[in-house]
Amino acid sequence: MQNTNNSHRQEWLIYAVVWMLLFLFPLLSVAVHSAFDNNAPVRWGAIMRLWTTVGGLFVVFLFHNFFLAPIWLKKHQTLKYFCFTAVLAIAFLGIQVVLNENWPMKPMVRPAADGAIEQNSLPENPDRISDAPKRKHPPLDLFLCIWGGFFLFAIGSNITTKLYLKNQDSKNRLKELEKENLTQQLESLRYQVNPHFLMNTLNNIHALVDIAPEQAKSSILELSRMMRYVLHEGANMRIPLKREVKFLQNYIALMRLRYDENVNITTDFEDISSNIVIAPLLLIPFVENAFKHGVSYQHPSYINVKLFTDNEHVTMLCANSKSKTSNTLQEPSGVGLENVNRRLSLIYGENYTLQINEGDTDFNITLTLPLETENNKIELS
């Protein structure tokens, strides 16, 4: 609605400027002519004639703008529109022919050779326009071409302006719809990721209830803090990277409780600047996937997570051993990676890289994101 109102205001501003210039053109022409010839007479009759013509064009414009243009643009009745336009053109040109034949013109006053004023058939009172001789009009075909061109200009400029602004308004509305659809897709993907994370974590706590009740209690408190983070920070478009790293550390600490020394878990999170931001819950699916498919209870396994930044990028490395009993790309948990890949594409466009290398015994992910700060964020495209 706001874009439509702005479009209407812009449209009428264009019309106001164009028609104001057209009405002022005769006076501007006189001013320019007088600047070069101080003795040039002001032919008010000709000026009034031009004003009358411009006024007629303005009436044509108003009739076309409020009656004919909506028939074509809104009701899509092309035949009806062209029929009415043809009738309007005939009426306008007919009126102009009548005015041209009957419009009086005050004759030119030229100095004679001996310095006296010579008048060509001056009436007794030359100031009376009604007594002036009739102007000799140009050939009818040339006249119709000239005023037909003015008529086409009036309706053509009207249609062109409307189509241009309508096209711009459609583009703006499409951008808003795309942005709204993008936001809905992101929210939908977040809600798909979060239950997956919750399911894995609850499974871990369930495993601790019988073997380590106290650890289970502390894990529940830790999970509560993590879910508070998901609820409050997950709805934002960007959050400080430090908070996301803290969330990863808490999650990994919670997962450590479930495994013994056969699982080697290492992390390397460098000191992150407080003004660096990132899309929330973007990194956790990779860590979830590593724990889900990189741990074996029968064989030694490992998970390595590293995150670092430079002047232009944020890079995350996640490597894990691959359990022989699972296939990372075919398990249902692969939905998490598909969702995060979709989110990466929606948020960062082509400004990120995600490399997934899967071997027979290992699985490695390298994610590189553009470094964003509070004052320099990538807009959704």
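Strand 4 (residues 263–269) and strand 6 run in the parallel sense and pair over 7 bridges. Here strands are DSSP runs of E with at least two residues, helices are runs of H or I with at least four residues, and both are numbered from the N terminus. Two strands count as paired if DSSP finds at least two bridges between them.

This is a predicted model, so local features need pLDDT of at least 70 and side-chain atom pairs count only at pLDDT 80 or more, while totals for chains, interfaces and linings use all residues. Residues are numbered from 1 along each chain as its sequence is written, and side-chain values use heavy atoms, with hydrogens and water left out.

Let's stay with strand 6 for a moment. On its other pairing, strand 6 meets strand 7 (residues 313–321) in the antiparallel sense over 7 bridges. The two form a hairpin with 3 residues between them. You can find some facing residues in this table.

| Residue | Stands opposite |
|---|---|
| Asp-268 | Lys-306 in strand 6 |
| Asn-304 | Ala-319 in strand 7 |

Which residues of strand 6 (residues 301–309) point to the buried face? They are Ser-301, Ile-303, Val-305, Leu-307 and Thr-309. Buried means under 20% relative accessible area, exposed means over 50%, and partly exposed lies in between (1.4 Å probe, protein chains only).

Three strands make an open sheet in the order 3-5-10, with antiparallel pairing. Strand 3 (239–240) and strand 10 (372–373) stand at the edges with a single partner strand each, so one side of each has no neighbour in the sheet. Strand 5 (residues 276–278) is joined to strand 10 by 2 bridges, and Val-277 has Glu-372 of strand 10 as its bridge partner.

The helices are worth a look too. Phe-63 sits in helix 2 (residues 44–73). Is Phe-63 buried or partly exposed? With a relative accessible area of 39%, Phe-63 is partly exposed. Leaving aside neighbours within four places in sequence, Phe-63 is in contact (heavy atoms within 4.5 Å) with Leu-68 and Leu-88. Ile-155 is 92 residues away from Phe-63 along the chain, and their C-alpha atoms are separated by 9.6 Å.

Finally, Leu-21 lies in helix 1 (residues 2–36).
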